[in-house]
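I opened this entry to look up how the chains of the model meet. My notes follow in the order in which I checked things.

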Amino acid sequence: VSTVTTTPATDRGRGPLTELLTGGGTARRIMWILLGIAVLFSLVRVLSGQDELTSASVFRAALTLAVPIGLAALGGLFSERAGVVNIGLEGMMILGTWGAGWAGYQWGWGAALVGGLLFGALGGVLHAVATVTFGVDHVVSGVAINILAAGIVRFLSELLYAGPDSPGGGPTQSPAIDRQPSFSVPVLSSGADLLGDLERQHWFLISDAAGLLRGVTNGVGLLTILALLLIPVSYLLLWRTAFGLRLRSCGENPAAADSLGVPVYTYKYVAVIISGGLAGLGGVFLVFDAGIYNEGQTGGRGFIGLAALIFGNWRPGGLAAGAGLFGYADALQLKEKTAVVALLLLVALVLVVVALWQAVNRRFLRASLALVAALGALLGFLTTERLPDGIVSFTPHLTTLLVLSLASQRLRMPKADGLVYRRGEH
Amino acid sequence: MSGSALLRRFGPALLAPTMAVGVALVISGLVIALIGENPFEALAVMFDFGETPAQQTQAIVLILNRAIPLFLAGLAVSIAFRMGLFNIGVEGQYRLATILAAGVGAAVVLPAPLHVLLIVVVGMVVGAAWAGIVGVLKVTRGVSEVISSIMLNFIALGLASFLLTGPLNGSEPGDSIINTPTIPESGRFPGLNGFLGAIGLAQPRTQLFGFLVVAALVGVLISVLLNRTRFGFDLRATGLSPSAAQASGVDARGMVIKTMLLSGAVAGLIGMPDLLGEQYKYGTQFTAGLGFLGIAVALLGRNSPVGIAFAALLFGFLDRAAIPLQFADIPASVVTIIQGTIVLAVVIANEVTRRLTRRQAERAGAGHSGAPPDGEGVAAVAAAASGGQRVRAGEPGGQQGAQS
């Protein structure tokens, strides 16, 4: 009932400026939003003097941190589009890290990739058996898988890594494994390093763009490229093929899909197993990044992937944006603790824009609230030199929570997501 | 009530957990056999409580001391479960509550009972407030409680580490273990070893937490509140069918917030047995992970306080067995595997028995209009099962109507 919220006022009397900003469909609007973000960041960097805010090293770290989250979120996408909530992503990721460590130290990075994929997929099989075959509540099964995965990897490590034939291994870690091959774009970001030169000029907007480009083109791992490719591939697979249509129909209205001859159980199985495999790949990435399997390596990234999925409105592009946002905030707090304070200036600027927007729309109470909050954030930026470590550590989580609470009302999940489907009972 | 009637009344409720524990034991036995150890020997090790009477009571006290916080954790999770909410944030709630309670407890001087009361109240208020954020975000902004409580877990742990290294740091510089200042004598909860002596048991080395009494009391209170009051009825009704509850005049939005506050307040108690009975301070070594185990305990106990008590005892028993297993050269992680398998097996078994009882009821209903044999057990499972259904909906079913 409340979904119809469009006010007729926006359609009436469109000026040329409004036409330029909001006309031309979604693509143009997204372009404007991206440009706005770029200008905003550049402005904040120049004003605060925190060059780290848009440096190549922060962007590279952001990419490294975003990829496992993005892979987990992609895993969540497949399973939730088929109607199975997958809170066990964390557990499947844990299995993936172990599989990568075990196969990786014996047969190299290629085997690590396959090992992590298979172990994650095994977790997916378990989740599918519990939720699809036995009709167990999805969240409950996921939580059980998370507990179980932690136990299994510790057990297997004690069994297989602690022995004398695996030098350097122990009950919580594997022997070291090969790194994955990595690539840089010649001339632009290695060798002559044109982008690096540009970045060091600290010009408004241009250097920021150079930093971003260099960050994502210098020393990029194989799995990173694979993960980036998987986003459009998932989109095409889920939204442009018959397979994808059938899979999504299981998440929207399984009874209708069933009546049209879609084998709902099979599709759910396939989706959850793919989901586990992708989460496992996220685990492989973490192992590659560290060069070793370590217990507790995932650090809750499976859960954050789930948040990124919801943030992205159960769409590949959206979840990539969510993972990117989280990765960026995380990279910032890891690389440059003082730069986090500059985020307060960013918040202040955004709030000022919100206040202006609300004032234009004659919602003066909201406008003044936003303005007060903006002043608070500005005051925080001007008076704080650096935040304590404990506080900085949760910057990404707080950002996610804030963005989610601002955006949540417009999100729409698959209609039958999380509902147990029993054939013939609906 | 005859024996067969009793079996019919409680059979289905007991069947699922018994089946689950059985299946988990068989799987774990296979795992142990797979690594070339004798499963029966492992079982014997787990049940070996020691030679002397003192050793045996010591083992029992260790199990109880572990079970008390697990019981509280399970209770906190189950309150939200009964309403169809999934409070995965118990971990953060109790960690933040414990450190703040420890800080306040060390900072003030009061007569003994008041001092303890103050610490406990601070814990409950902090836990409730932290869980309340989840409730408020859910009803005002439609944020799924699963996601917000996961994020709040991370934020709570960050805040706790900030408080521990900053304002509430009570350790000397350079110490490897950082703790809050120690709570003085008047703020400690007396142990129950005197009672153990009085009933003729040998004195163990460790004190049995006096908080056992409080935990039991809380269990009874929650049970009465959920099963015998209007609030409890509304809560369970909303859990079973949000739209039906809404139609009969239950304020769904208010119920979400109240339930989260209650769940959080109980979560705030989880750290208290350790804090007031043994450690007297919060530090980097303080017991972690109880919130997540609480989910498992609540599931195993089928959301009823009595069931949760047994589940907590079982988990306490398994956790104690970890160290003797290690001594017998069997990886202690077997215990985690058993726990995880039990949870997975119990949810599957719950589902299977639910279907069996329903089929039975349908068959019985064909002849005469008989009620389902175990209404309450089925209700609890249904409440747990519906937890996932609206997890992402952002808001309980009928709420959109309320907003427009």
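I began with the contacts, taken as heavy atoms within 4.5 Å, and found 52 residues of chain A in contact with 52 residues of chain B. The model is predicted, so I kept in mind that local features need pLDDT of at least 70 and side-chain atom pairs pLDDT 80 or more, whereas totals for chains, interfaces and linings use all residues. Residues are numbered from 1 along each chain as its sequence is written, chains are lettered from A in the order in which they are written, and side-chain values use heavy atoms, without hydrogens and water.

Next I looked up the buried area (accessible area, 1.4 Å probe, lost on putting two parts together, summed over both); between chain A and chain B it is about 4400 Å², with 75% from carbon and sulfur atoms. In chain A, I147(A), F155(A) and L401(A) lose the most area to chain B, together 14% of what that side buries.

I then searched the interface for salt bridges (a side-chain nitrogen of Lys or Arg within 4 Å of a carboxyl oxygen of Asp or Glu), and the rule finds 0 between chain A and chain B.

Finally I turned to V140(A), which lies in helix α6 of chain A (helices being DSSP runs of H or I, at least four residues). V140(A) has a relative accessible area of 3% and is therefore buried, the cut-off being under 20% with a 1.4 Å probe and protein chains only. Leaving aside neighbours within four places in sequence, I noted V140(A) in contact with F81(B), L299(B) and V347(B).

Conventions: Helix = DSSP H or I, 4+ residues; strand = E, 2+ residues; numbered from the N terminus. Buried < 20%, exposed > 50% of the residue type's maximum accessible area, 1.4 Å probe, protein only.
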